[in-house]
Every structure is written in C-alpha cells, then in structure tokens.
Amino acid sequence: MIISPFLIPVTAIIGAFVYAIIKTLAYSRVRELEIRERIAMIERGLVPAPEVDPRGFDHAMSRLDARADRTYRRTSTGRHRRAGVTMIGVGFGLMVLIAFTSGEESVAIGVGGFLVVIGIAFFINSLIEPYEPPLPQRPWSPPTPPPTPAEPPRRD
C-alpha cells in the first residue's frame, strides 16, 4: 500500500479543525451550565458573588488592567525608542546578511544602512518628544456588599 506524502499534513489540518470544534462545543456546554447555575441562584433570591462567574470576573479585571496599561503606554516616547532600537538592529542584521551572502558590501551598506538611518530617526524622535507621566491610578477599594434581603412577614 502506497501512502501519499500529502496525507500527513492533510490529516493534521483536519485534526486541528476537529479539535477546535470539539473544544468550542465543550466550552459552550460548560458556559451554559454556569449561566443556568447563576440564574438558579438569582431565582432563589441569592446574589451571586463575582467568584461564581470567574471568567467574567477575570475578564472585567483584565479590562481594567488593560485600560490602566493603555494610559501608561499612551506616551509615544517609549514606543519610538523601542521602534528605533529594533530598526537599528534589523538594519545591521541585513547589512551582515547581505554582505556575507552576496559579497557586495556596497549593496549591504545601502540596504541595511537605510534601515539603520530610519531607526536612528525614531530614536532621536523619542528624545525630542516631551515625556508624559502616566495618569495616577485610584487606590482599589472593595465593592460594598449587597444589602441582605428582608425576611418576609410571618403569618401565624
């Protein structure tokens, strides 16, 4: 029996798709059960804690962290500095690569030098821009607990 060399990659691709579909179905079933549990708690008059829905709680916390991180990264000085250093490294890398592979140093200096000059321009731009300190963050305070439900009146 002759096995085609294309059979292995095709099987791997089909297997990856089947795995993704099964994982999605399992996740949706677990999520559905979590939602039903939450609804049952609400119907019984209980207030579900944020820990009951850990994914939602973690998602909300990560959004807050991302918002704080965005305000910190809003300054473009660091971004330009990182881009400049990266471009300088890529330019020197291309210089070395082209010089050793083709043997033409003038072409290597022309192509790599172009990227080095752009990187230096980014770096100088980061030094010229004024630094904007990140916004101060509010101290975290725990949420206030929900009020306890009043007991229904007794009918004796």
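Student: What makes Arg 31 and Glu 34 about one turn of the helix apart?

Tutor: Both sit in helix H1, three residues apart. Helices here are DSSP runs (H or I, at least four residues), numbered from the N terminus. A quick note on the source: this is a predicted model, where local features need pLDDT of at least 70, side-chain atom pairs count only at pLDDT 80 or more, and totals for chains, interfaces and linings use all residues. Residues are numbered from 1 along each chain as its sequence is written, and side-chain values use heavy atoms, with hydrogens and water left out.

Student: Why is the contact of Arg 31 with Glu 34 called a salt bridge?

Tutor: The term asks for a side-chain nitrogen of Lys or Arg within 4 Å of a carboxyl oxygen of Asp or Glu. The closest N and O atoms of Arg 31 and Glu 34 are 3.3 Å apart, so the pair qualifies.

Student: Is Glu 34 buried or exposed, and how do you know?

Tutor: Buried: its relative accessible area is 19%, and buried means under 20%, exposed over 50%, partly exposed in between (1.4 Å probe, protein chains only). Arg 31, at 26%, counts as partly exposed.

Student: What makes Arg 29, Glu 32 and Arg 36 a network?

Tutor: Salt bridges link them. Glu 32 meets Arg 29 at 3.7 Å, N to O, and Glu 32 also pairs with Arg 36 at 2.9 Å.

Student: Why is Arg 36 called exposed?

Tutor: Its relative accessibility is 53%, so Arg 36 passes the exposed cut-off. Glu 32, at 32%, is partly exposed.

How values were computed. Helix = DSSP H or I, 4+ residues; strand = E, 2+ residues; numbered from the N terminus.
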